[in-house]
Amino acid sequence: MECCCFPSPNKPSSFHLLFFFFLFLYMFFTCNGQDRLSKGQSLGDGETIVSSGGAFELGFFSPGNSTLRFVGIWYHNISVNSVVWVANRENPLSDRNGIFTIGSNGSIVIIDGSNNTNVWSSSSSSSSSQSTNSTAVLMDTGNLILYEDANDSSSALWQSYDHPTDTFLPSMEVKVNSVIGENQAFISWKSESDPSPGNFSMGLDSRASIPQIVIWDGSIRRWRSGHWNGLTFIGIPNMTANILYGFRLSTVESNGNIYITYTAVSSSNFIRFQIGWDGLGREFRWDTAKNEWSVWLYEPVNDCEKYNRCGDFGVCDINSNPICSCMDGFVPRYTDEWKKGNWTGGCARRTELQCGKNSTSNTSIEEGGGDGFFHVNDVKLPDFADKVSGASNSGDCRTSCLGNCSCYAFSYVNTIGCMVWGGHLIDIQHFESGGGDLYVRVAASEIAKSKISTIVIVIVVVMGSFFMGLLICLLLRFKEVLREYSIACCRSRKMEIPLFDISRGNTDPSSEISGKYDLAGETKQTARVKLSCGLPFCSGYISPEYAMEGLFSIKSDVYSFGVLILEIVSGRRNTGFRSSEHSNLIGHAWHLWNEGEVMELVDPAIVAFTPRSEVERCIHVGMLCVQDSPAERPSMSSVILHLESEAAALPCPSQPTFTSRREIDPHDYFEADHMNASLNNITVTMMDGR
């Protein structure tokens with residue numbers, strides 16, 4: 001007899017249906033959205049786990065345009081996919097059949113579902129004993145931790161923070177131990193679409209317990225941060241110090257371990273540091289308003305940031321041209337290559353050190369012999385420093401270095417102590433501000449040379465100032481005399497002025513510019529011109545603004561000087577020059593300048609023995625001086641510079657329109673019938689350049 005109280009074995013009961021339904025829900029929520037994976041659970045491709053606070057997510061992904069599958073961790077609530085850790089970066093999956101789970105030995109494994117083989121395991125990167133009842137938990141810090149007991153935070157067996165890829169996250173502790181040679185370096189991706197290990201790496205170098213961040217290209221240093229002073233890396237001049245936030249380095253533990261951490265101002269501020277596949281170290285911060293990652297800092301930022309850009313004993317300054325120079329007491333090792341801009345050979349000592357050569361070799365220069373030190377300020381201190389104990393100040397540090405012939409330089413940094421260098425000085429960069437003070441050991445004779453050079457420089461500056469002052473006084477006197485003469489000229493409308501006798505037949509080389517006084521009156525055979533205010537003689541040297549408006553300034557002297565330059569070069573007087581197209585020398589000079597035939601202006605008597613470049617420069621300067629606008633004319637100091645230095649670039653002059661072509665018959669100036677002013681017995685002869 002069949003009992004109706006029991007379900008038929010061939011039909012599923014509601015109890016079974018409910019059981020399977022809740023089991024499905026359990027498996028679904030366990031593997032989708034939960035923050036952990038326990039023994040017996042697995043994560044398939046397309047499924048993820050999310051940290052309890054929703055900051056990070058773990059699952060399968062394909063980078064860029066690649067079809068290969070990797071297991072990684074990325075930011076959960078950021079739309080831009082930013083992977084911060086990759087598990088199987090060296091063993092990708094070729095399809096979507098991958099499984100992420102806890103293995104039989106309690107370690108985390110990634111299985112290729114196509115052939116049921118392990119492609120990655122946490123046990124392969126950890127020496128810790130595994131548990132058969134372990135649990136993997138994804139933390140809100142981005143750290144994946146394998147616990148022996150999920151309820152005991154001290155039972156961690158393995159964590160992804162100990163095996164970083166290319167990204168450093170806040171709260172991550174990076175360990176380095178110089179004693180045993182352990183360094184947890186971050187290794188770049190090979191490309192944007194390939195997370196396998198690339199050529200570049202970034203980590204801590206804790207030589208002499210003075211840590212600094214270093215970027216390597218393979219085994220070659222590419223960039224370094226400079227030494228840690230307790231608050232900042234002194235090789236990054238714009239790095240701000242904050243005792244609450246930012247980078248922190250632990251004290252050296254008894255076993256030699258040092259840890260570096262970074263504390264963000266707020267946990268809501270997403271910050272990450274990454275070594276890129278292009279070799280640049282970048283600091284990213286999430287910009288919520290723009291919905292993108294902003295680059296706050298990257299290194300190396302310029303040519304001088306590149307490691308040892310100027311070679312050993314060289315100093316790089318990005319604001320100098322060229323950027324590389326040798327320190328005082330040193331010269332380029334390979335001069336020809338250095339001049340070509342190849343500075344890799346660095347510099348060498350000009351004079352050999354005296355230390356160790358005689359009994360007084362370790363005495364200071366102040367004591368009359370041996371070696372001394374040149375001071376170089378505001379620099380990234382050289383690489384490979386050693387620390388000296390027992391030196392409590394800069395003086396003790398100097399004494400320690402001076403007494404050791406193997407010590408080539410020293411620096412005392414208050415928060416670090418006494419640092420010395422026993423080899424070549426490498427990777428030195430000069431900053432506008434910041435950095436440290438470096439004292440470089442040189443022979444005593446080099447310091448003596450430096451003192452002599454300083455004295456010479458002082459003398460040159462003083463003499464230059466004296467002669468500049470003298471020149472200014474002469475110019476001011478010239479302006480005063482010129483002004484007085486111009487006023488006298490315009491007041492006497494009937495003054496008779498014989499011009500200079502500039503005979504073309506004069507072959508005396510000592511009198512190319514000649515003149516004579518004639519006070520005898522009308523019996524002298526000298527050309528005479530009746531002047532009225534504004535006629536050729538006054539306007540020949542007087543600037544347009546003075547002739548037309550009575551305005552006089554220091555730029556009026558510049559105009560007069562420009563006229564003299566053109567007269568000297570051409571051997572002709574400005575107002576004495578006439579042609580069918582131009583009424584004066586300035587207009588004629590502009591025409592030749594504009595047509596590119598400037599050498600036709602030059603006096604034939606000087607063409608043969610005067611370099612063309614000098615002549616052209618003189619004419620160029622002259623044309624700049626005679627421009628109509630005073631604002632466009634150079635200052636007298638600029639004129640002197642332009643005439644003395646061929647390296648100085650010259651601007652193009654504008655056309656002097658005040659002296660442009662005028663439609664006047666040139667004979668009108670010389671016909672006696674047109675001279676209706678009377679003559680008197682006063683004659684004045686003025687010195688005037690040809």
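Cys625 is buried, with a relative accessible area of 0%. Cys618 is partly exposed, at 26%. This is a predicted model, and it holds six disulfides. A disulfide is a covalent bond between the sulfur atoms of two cysteines. Three of these links are described below, one by one.

**Cys310 and Cys324**

- Cys310 and Cys324 form a disulfide, with 1.9 Å between their sulfur atoms.
- The pair links distant parts of the chain, 14 residues apart.
- Cys310 sits in the loop between strand 24 (292-299) and strand 25 (314-316).
- Cys324 belongs to strand 26, which covers residues 324-326.
- The link of Cys310 and Cys324 is left-handed, with -80 degrees about the S-S bond.
- Are these two cysteines buried or exposed? Both Cys310 and Cys324 are buried.

**Cys355 and Cys405**

- A disulfide joins Cys355 to Cys405, and the S to S distance is 2.0 Å.
- The two cysteines are 50 residues apart, and their pair links distant parts of the chain.
- Cys355 lies in the loop between strand 28 (347-349) and strand 29 (371-380).
- Cys405 lies in the loop between helix 3 (394-402) and strand 31 (409-413).
- The link of Cys355 and Cys405 is left-handed, with -70 degrees about the S-S bond.
- Cys355 has a relative accessible area of 13%, so Cys355 counts as buried, because buried means under 20%.
- Cys405 is partly exposed, with a relative accessible area of 34%.

**Cys397 and Cys418**

- Cys397 and Cys418 form a disulfide, their sulfur atoms being 2.0 Å apart.
- Where do the two partners lie? Cys397 is in helix 3, and Cys418 is in strand 32 (residues 417-421).
- The pair therefore ties together parts that are 21 residues apart in sequence.
- Why is the disulfide of Cys397 and Cys418 right-handed? The torsion about its S-S bond is about 75 degrees, so the disulfide is right-handed.
- Cys397 is buried, and Cys418 is buried too.

- Cys625, at 0%, is under the 20% cut-off, so Cys625 counts as buried.

Terms used
Residues are numbered from 1 along each chain as its sequence is written. This is a predicted model: local features need pLDDT of at least 70, side-chain atom pairs count only at pLDDT 80 or more; totals for chains, interfaces and linings use all residues. Side-chain values use heavy atoms; hydrogens and water are left out. A disulfide is a pair of cysteine sulfur atoms within 2.5 Å. Helices (H or I, at least four residues) and strands (E, at least two) are DSSP runs, numbered from the N terminus. Buried means under 20% relative accessible area, exposed over 50%, partly exposed in between (1.4 Å probe, protein chains only).
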